[in-house]
Amino acid sequence: QLQLVESGGGLVQPGGSLRLSCVASGFTLEYYNIGWFRQAPGKEREGVACISNSGFRTNYVESVKGRFTISRDNDKNTAYLQMADLRPEDTAVYFCKADQCGRRPDNSYYYTADWGSWGQGTQVTVSS
């Protein structure tokens, strides 16, 4: 069965840090771009970070630039999202997906947040 399982979420105070993990099973992650997405209560799911299959290219949405770092370890079939300086507005369920983000020919990035089946995700709550 092909699946991605997210973990590492939790409750953290504003300014705190978390590292999310995304482990693939049933397929080899290294052939795909990996995107992290999030969905806050009452809001649509949005893409927040994308990493190319090689790991050489990354992209972040403006709201997380300088605070979040996406990475991957293809040997471990795992991707990560290191989150620092967390804010209450980062509170959401976080998901990872393969092959649903990437760079367009004009070097802009796309995130496909409304297609396919999604796992449980991992809850991140930022609150004092």
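**Strand pairing and a buried arginine**

In strand S12, which covers residues 122-126, Thr122 is the bridge partner of Tyr94; strands here are DSSP runs labelled E of at least two residues, numbered from the N terminus. The model is predicted, so local features need pLDDT of at least 70 and side-chain atom pairs count only at pLDDT 80 or more, whereas totals for chains, interfaces and linings use all residues. Residues are numbered from 1 along each chain as its sequence is written, and side-chain values use heavy atoms, with hydrogens and water left out.

S12 is joined to strand S9 (residues 92-98) by 3 bridges, and these two strands run antiparallel; two strands count as paired if DSSP finds at least two bridges between them. Strand S2 (residues 10-12) is also joined to S12 by 3 bridges, but here the strands run parallel, with Gly10 standing opposite Val124. In a regular strand the side chains alternate between the two faces of the sheet.

Strand S8 (residues 78-83) is mostly covered, with 5 of its 6 residues buried. S8 is joined by 6 bridges to strand S3 (residues 18-25), which runs antiparallel to it, and it pairs over 6 bridges, again in the antiparallel sense, with strand S7 (residues 68-73). S7 and S8 form a hairpin with 4 residues between them, and in the turn Asn77 has a positive phi of about 55°.

Arg38 belongs to strand S4 (residues 34-39) and is buried, with a relative accessible area of 5%. Its side chain makes a polar contact of 2.7 Å with that of Glu46 and another of 3.5 Å with that of Ser63; a polar contact is a pair of N or O atoms within 3.5 Å, where within protein one must be able to donate a hydrogen and the other to accept it, and residues adjacent in sequence count only if both atoms are side-chain atoms. Leaving aside neighbours within four places in sequence, the residues in contact with Arg38 (heavy atoms within 4.5 Å) include Glu44, Val48, Phe68, Asp90 and Tyr94, and Tyr94 is the residue whose bridge partner in S12 is Thr122.

Terms used:
Buried < 20%, exposed > 50% of the residue type's maximum accessible area, 1.4 Å probe, protein only.
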